[in-house]
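I have put together a few notes to read alongside the model.

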Amino acid sequence: MKVGIDTFGCDNGRSGLGSYVLSLVNSLPQDKSVVYDLFGSEVDRYTYTRSKDYGFTSVNLPDSLACERLWHSFRVNSFGKRNAYDVILYTAGARILPRKFKVPGVAVVNDIVSSLFERSGDRWLRSSIRKGLSSADCIIAASEFIKDDLERCGVSPRRVEVIYNGINHSLFYPAESVEPEGSVIDIKPFAIKKPYLIYASRVQNEGKKHVELIKAFSLFKEKTRLPHRLVIAGSEGPYIDAVRKAAVSSCAASDIFMTGYFPHENFPELYRNAEACLFPAVNEGVGLPVLESMACGLPVACSSAGALREIAGDNALYFDSDNIGEMASAIERIVSDSDLRERLARQGIQWSRKFSWEKTAAQTSALLQDVASLRHGRA
């Protein structure tokens, strides 16, 4: 069986979707009866395959999301047939997808589709994605919350399977010892002074709640006068100007550090030396930084919205991201309450062990084979 893996729409590896593809590809089970072939822009030839001996078929397109969407609407099916794919995995299934599937297709949805639809003013695009998702042979939803959201959006798929994202436990694990308070952590190309709190998320839209977090952190600093810093680690997106303005105008501006894009492989050290993970996003369908933080033994305080309660269980301190005072109190509590910190850290480590990329990849591979055999069996 030959499986095509679509890498379009994954931000050249510099986003959560890019990390998903890289982690999935690196963990796929080795089966001589299954051949994996990635396809996408030439610039991504080695983005996802540098540690695995998989094929990569380059598609010559302008570096434009609009062009990529047009290609998927009119050319991807003939491309799939020409390359003899038995099934195609569309890894950015909520963003780029054909409307019809002449080659069996599985769409991965790691986003809350209703939020994407709300932010998009393009009615044709919303209709196209809804049609594509409804026509796919199967949708892989990264959480039950996403699965329910698809139904609320009017998506009527043939089949939806929930397969959670995994964690790379060889990278994300508790440290035996960490640098003491006041130390400067050298994580190239940055040097960050402890103690600090970490929010790892792309600065993408209002739903990530960066501005609200900055306001809550400022309130926390005003009240406690504690030396903590706030580190915002993630690629710059359309919302960056508003976040920068909030940071610069904050009374705690000198203690707010924005890294921009931060290499995924360097996050474990960043997590392990932090005091806590803060995650205020309300439109999160995956919440992978929450799990990665837990795996590193870091206590987590996060939004009660989206899929985060499902992802984190009873192992995080929850708050309302639209209530600045409540968020500030949660920050103070997770910093100051040693019993709470110890309990959350201990429970989080145990909880995170339920998630692994090997498990995610094995379930995904089995599903792809099942979809291919069902479609070809009916043909």
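1. A word on the basis first. This is a predicted model, in which local features need pLDDT of at least 70 and side-chain atom pairs count only at pLDDT 80 or more, while totals for chains, interfaces and linings use all residues. Numbering starts from 1 along each chain as its sequence is written, and side-chain values use heavy atoms, with hydrogens and water left out.

2. Let me begin with β1 and β2. Strand β1 (residues 2–6) runs parallel to β2, joined to it by 5 bridges; strands count as paired if DSSP finds at least two bridges between them. K2 has V35 as its bridge partner in β2. Of the 6 residues in β2 (residues 35–40), 5 are buried, where buried means under 20% relative accessible area, exposed over 50%, and partly exposed in between (1.4 Å probe, protein chains only). Helices (H or I, at least four residues) and strands (E, at least two) are DSSP runs, numbered from the N terminus.

3. Next comes another parallel pair. Strand β10 (residues 196–200) pairs with β11 over 5 bridges, and Y199 stands opposite I232. Strand β11 (residues 229–233) is largely enclosed by the rest of the structure, because 4 of its 5 residues are buried.

4. Please look at the loop between β9 (190–193) and β10, where P195 is placed. The peptide bond from K194 to P195 is cis, with omega near 0°.

5. Two residues other than glycine deserve a backbone check. A84 has a positive phi near 60° and sits in the loop between α3 and β4; A84 is partly exposed at 48% relative accessible area. R225 also has a positive phi, near 60°, and its place is the loop between α7 (210–224) and β11. With 68% relative accessibility, R225 is exposed.

6. T360 belongs to helix α14 (residues 357–378) and is buried, with a relative accessible area of 3%. For S78 and M327, 249 residues apart along the chain, the C-alpha separation is 51 Å. S78 is in helix α3 (residues 76–82) and is partly exposed at 35%.

7. Finally, the loop between β4 (87–90) and β5 (105–109) holds K100, which is exposed at 59% relative accessible area.
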